[in-house]
Structures are given as structure tokens and as C-alpha cells.
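Colleague: I am new to this structure and would be grateful for a guided reading of its main features. May we take them one at a time?

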Amino acid sequence: MILRVDNASYSYGGKENVFEDISFFLKKGETLCILGPNGIGKSTLLKCLGNVLKLSEGSVFIEGKDISSMSRTEIAQKIGYVPQSDQSVFPFSILDFVMLGRAPHLPFFSSPGEKDLTIAENAINKVGISHLRDRPVTEVSGGERQLALIARALAQEPEILLLDEPTSHLDFGNQVRVLNLIERLASQGTSVIMSTHFPDHGFIGSKKVAIMLENDFIDQGTAEEVITKENMALAYGVDVTIDHVSSIQRNVCLPL
Amino acid sequence: MSYDIGRITGLKLGIHKRISEGNTQIFLAFFLMIFLFVLSLFMGRYSIPPQTIMTSIIFWLLSLGNVEPSNVGTVIFQIRLPRIIAAMLVGAGLSISGASFQGLFRNPLVSPYILGVASGAGFGACLGILISENIFVIQLMAFSFGILAAFLAYSLSKSCKATVTLVLVLSGIIVGAVFTALTSLVKYVADPYDKLPEMVFWLMGSLSSVRVEDLIYASPAILAGMLVLILIGWRINVISLGEEEARSLGIDTKKMTILIVICATLVTTSAISISGIIGWVGLVVPHISRMLVGPSYKKLLPMSVFLGASFLLVVDDLARTLMSIEIPLGVLTALIGAPFFAYLLQKKKVGWS
């Protein structure tokens, strides 16, 4: 078990809890897909797992170790976090930008060397934006920027990858490519937690799925168990149909 | 086999080249600074033939400084050299602090005075002039109040629970406003024939009275602060992504913020305690540097140091030779810096979005 979350709660500045008492675990190479309506706290949960925000109650364990006993650098070596969007002010080249992912692996007063450069370039190739390597990150499209963010997290070489709506700015082709990339990473042993607005993403690959509603997970399990007509109606208030499509050998979830 | 090795080394050379990109410009800026340093030795009110300067420098070097004090020697080593070194230190210090603060606050319009250091130091200096004739007292007061202003701004921001950097900027404005008002009060009560002109002169900045002793006490802080900032340069990139992303990349944003604030404040305050308040350098030089070597702080900071030193050397040379009276430095930096900045904006080559 690589990640365990026990009774996690979070509130912004002591106000009402965004989420309460969430518990789950993740094995090596597993992918967890978090579904839920807008504003329910999926992003906040991911930020807490990525140690960007601190849980008000509960604990997160990586490989059995409580993250509150680990340094920021140690945590960042294990967990990579990809925010929904990036607000860089300065026009770093994509390569320089991705190279920043090496920060947790470098001593305080040093800067990246050849090895880090190779890792960064591999990460850029993996997300398929090697043609943008020298372009300023502030001048590429939102989707390309999202891919650069994913590349930066890959350069971090984490064991757990947290992705906050990784496909939200991407075109159809890149959505598929990123989902395939996630599947490939998982098969190579990286554990992934992603939030998404497309229930269908849960069926791609063999994913665990959790539905977040009213500050808790109302259901979690395999995609087939969790993505049901009833749950979708409950979470989104829309009727869906779930069918097996034999040509792609998986279930699909489509609105009625 | 040898073919393979050739390919591998070729690949390695290629990688080396990419890591060292932009270093040529930094070297050029370094040589520009050295060139201007030597050139400035030959410039001044008291005209000395270049050969005499050369011989006296060579003579001084050979005798390891144990030269008989001559008129020429005094002018070069007691007046010009300290002033030139001061111009370089102040120019470099203000530029690197400005660049670092721009990264920390994620705002390219930030100057080294963002935390109210200039207002604090200005008040300290005016108070010093009011109560004492001693230049050391004045400089010490300027330094202490500059540090105090930054400390107050930082403590004020700590008491609020919002995004640290944003509150820090606002705290700087608040502290700055208070010290500016206090400065006005001191000027109002000061003797208008004796003390007031001195205060006004200090607030406009000048290097005309720099002595060797000033350099001895100001340079360690300036050099140490600059060194630390250059060493953590690459990490300033990470903090410029914003607090959340920097944290997810393993940066302790609180400690990092304190470290940058302490270094930049120490450098800025030490610099202006010997020069008075000189604007524009810390804003314009980082921009020009960013245009030349790109936004990565690993290269931006050394570039800012060399260009900042060069810029203030040129401005100070103009200040002491252009007219029969000294032109205040702050006036010249703005008169040269502002139009140049406007030109850059028009060209749209500024390195930020």
C-alpha cells in the first residue's frame, strides 16, 4: 500500500469543513478517479494530498510514513501534483519550466545539471510537446501549458501522481493521449489520483473510482461498481445510460 | 567503436551547450563592467593625463600600496577609486535585489524599495542629519531605519492570514507611507539654510562623499547578500511560480520568502545608506537583463549584477563630469532610466506577460 488516507478533514480558516472524514488507500500502480460536481472539494482534497494545504484533521501516509513527519522535500520526491492551470508570470522556456520539477531532488544551493536535463527532456517527449521545448510557457495555448505542467510533474519522478482535471483544457486528441499516458504510467508502477468531470474516464483502463458528494466519498470501488445510473443521478442530477461497447471491450457512460 | 564514442561526446557537448546558453552575454556584461571600471578611473573634474594615471597605478601595484601620497595618488586612490567601487556595489546591489523581489512577488513592476526600505532609510538619514553632523551617525541611522521598515512590513504581514506575498506588498506600502510622512515632518522642522539642503541632497542620492571607510563597512553585507541570492537563484524560479506550486515542488515557501527578504533588504539598505536613495536602477536593470538572458534567475541574477554595476558607473561618470556642479544620481537615473524603459515598452521586448 503506497498511500493511505485516514479520516481526512479540511476547512479553510476554521470555517465549515470542505470535506470530512475521508478515508481511502491506493496500491502501487493503481489509479483512482475522483468524480463529483463542481465546487465539492475535489481540488482541495488533491491539494491536501500534495501537501500544498494542510489537513485540519486526519492523516496521510506514504509507504506507511505519516507525511506530517516528513520534510517538504521528502514529500515532493514521492508525490507530484499537477494543478488545473498555471499562472507563471515570467516567460520560462518549456524546458526550463519542466526542469523546475527537479527541485526536490537537488541540494539547496545547486541548480540542475546534465542528468536533470535528460530527465526533463524525456518528460517533455512523454507528453508529446518536444516541438515546443524552447517556446515561452506564457505564449503557448492553455492545453499545451497543461501538458507542460504534467511534464514538470513527471520530471519530479514521483511515485504518486496527483492530477487535478488533467484533461480540462485539452483537445480531443490530447485528452486521449493524456489518458493513455496515465494508463502507461500506472502500468510502470506509478500510482495516480485524478479528478475528472467525465465519468467515462473511469472506465478507461482498470481504475478505482470514488464519488465525492457533500463533503464525503459516497461510494468507492471499481468503475463497474461505482459508475451506476443511480450514483450518476445522485452526483450530477442527470440520467445516464451505461452500456458495454463490444468493439472497445469496455463500458461507456453517456447522458440520456 | 570510436564512432560511437564520438557520437556520445558530441551529444554531451550538445547538452553542455544548452545548459550554458546565455553565458556568453553574461561574460560580455562582465567585461563591459571591467572596461567601464577602468575608463571611469580616467574621468573626473581634476584632469590628470592618462599616462600619469597609468604610471601611478602601476607604481602603486608594484609597491603594494605603500606609495608616497602625491596629488595624483590621492585623487585616484582616495577619491575616484572608492567612488567607482561604491557605484558598482550600489548599482549591482539594487539591481539584484530588484530582480529577486520581482520573482518573489511575481510582479515585474516591483522595485527593491517595495517593503518601504527607502522611506525608512530616508527618514533615518534625515533624523541623523537633524541630530548630528557625523556622517557615520547619519549612515547608521539610515541603515537601521531601513531595516526597521522592512521588519515592520514583514511583521505586519505575518499578523494577517492571507496570501503572504500580497499582504507583504500592502504592508510595505503602509510602512512606507508612515515613514514618508515622518520624513516630511523632520524636513519641516529642520533648519532651512543648513540642514534642509543636506537632507534633500541625501534623498536624491549621491556618491560624491563616499570614503574608503564607507566601503569597508557596507561591502561585506552587500557582497554576502548578493552571493546568497545568486546561489539560490535557480530556486527563485520555483518560488516565482506562486506559493501553491512552489510548495508542491518541495519548497518551504515561508523560509524561502524570509531568506530572500533578508538578503535583498540587507543589500538594498547597505547600498542606500552610503549612496542615498537612487531610484530606477533596481527596476530597469532587471528588465534589460531579462531581455538579454531570458527569465531564468540562474542567469538573470549574475546578469543584473554586471549590468547594474555598469549602469550606475556610467550614470555616476555623467553625474560628476557633465556639469560644473554634481548632478544628483537619483535625478539622472530617472532621466536616463525612464525614457529608456518607455522605449523598451514600445518595442514590446519586455520579458513578461
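Colleague: How much area do chain B and chain A bury between them, and what share of it is on carbon and sulfur atoms?

Modeller: Please note at the outset that this is a predicted model. As a general idea, the size of an interface is often given as the accessible area lost when the parts come together. Here chain B and chain A bury about 3,300 Å² between them, and 63% of that area is on carbon and sulfur atoms. On the side of chain B, B:Trp234, B:Arg235 and B:Leu249 supply 20% of the area buried against chain A, more than any other three residues.

Colleague: How many residues of each chain are in contact, and how many salt bridges are found across the interface?

Modeller: The contact involves 36 residues of chain B and 43 residues of chain A. Two salt bridges are found across the interface. In a salt bridge between A:Lys47 and B:Glu244, the side chains meet at 3.1 Å, N to O.

Colleague: Let us turn to the sheets. In what order do the strands of the four-stranded open sheet in chain A stand?

Modeller: Strands of a sheet pair through backbone hydrogen bonds, either parallel or antiparallel. In this open sheet of chain A the order is S2-S1-S4-S5, and the pairing is antiparallel. Strand S2 (17-26) and strand S5 (65-66) are the edge strands, each pairing on one side only. Between strand S1 (residues 3-11) and strand S4 (residues 57-62) there are five bridges. A:Leu3 stands opposite A:Ile62 in S4(A).

Colleague: Which helix lies across strands S1, S2 and S4 of chain A?

Modeller: That is helix H1 (residues 42-49) of chain A, which runs at about 60° to S2(A).

Colleague: What is the strand order in the open sheet of six strands?

Modeller: The order in chain A is S6-S7-S8-S3-S9-S10, with mixed pairing. Strand S6 (79-82) and strand S10 (216-222) each have a single partner strand, so one side of each is left without a neighbour in the sheet. From one strand to the next, the twist averages 15°. S6(A) pairs in the parallel sense with strand S7 (residues 160-164) of chain A over four bridges, and A:Ile79 has A:Ile160 in S7(A) as its bridge partner.

Colleague: Where does helix H6 of chain A lie?

Modeller: Helix H6 (residues 172-187) lies across S3, S7 and S8 of chain A, and its direction is at about 150° to S8(A).

Colleague: How are strands S11 and S12 of chain A paired?

Modeller: Strand S11 (residues 240-245) and strand S12 (residues 250-255) pair in the antiparallel sense over six bridges, with A:Ile242 opposite A:Cys253 in S12(A). The hairpin has four residues between the strands, and A:Gln249 takes a positive phi near 55° there.

Colleague: Finally, which residues touch the most other members of the largest nonpolar core?

Modeller: This core has 155 residues, of which A:Ile94, B:Phe101 and B:Leu115 touch the most other members. Helix H4 (residues 71-104) of chain B contributes the largest share, 17 residues. Apart from this core lies another, of 33 residues, including A:Ile2, A:Ile22, A:Phe24 and A:Leu53.

Colleague: Which residues does B:Leu115 touch, leaving aside those up to four places away in sequence?

Modeller: Among them are B:Phe101, B:Phe105, B:Ala149, B:Leu168 and B:Val261.

Methods:
Residues numbered from 1 in each chain as written. Chains lettered and ligands numbered in written order. Predicted model: local features only at pLDDT ≥ 70, side-chain atom pairs only at ≥ 80, totals over all residues. Heavy atoms only, no water. Pairing = 2+ DSSP bridges. Helix = DSSP H or I, 4+ residues; strand = E, 2+ residues; numbered from the N terminus. Contact = heavy atoms within 4.5 Å. Axes fitted to C-alpha atoms, helices over the stretch in contact; angles between N-to-C directions. Core = buried A, V, L, I, M, F, W, Y, C linked by side-chain atoms within 4.5 Å. Buried < 20%, exposed > 50% of the residue type's maximum accessible area, 1.4 Å probe, protein only. Buried area = accessible area lost by both parts, 1.4 Å probe. Salt bridge = Lys/Arg side-chain N within 4 Å of Asp/Glu carboxyl O.
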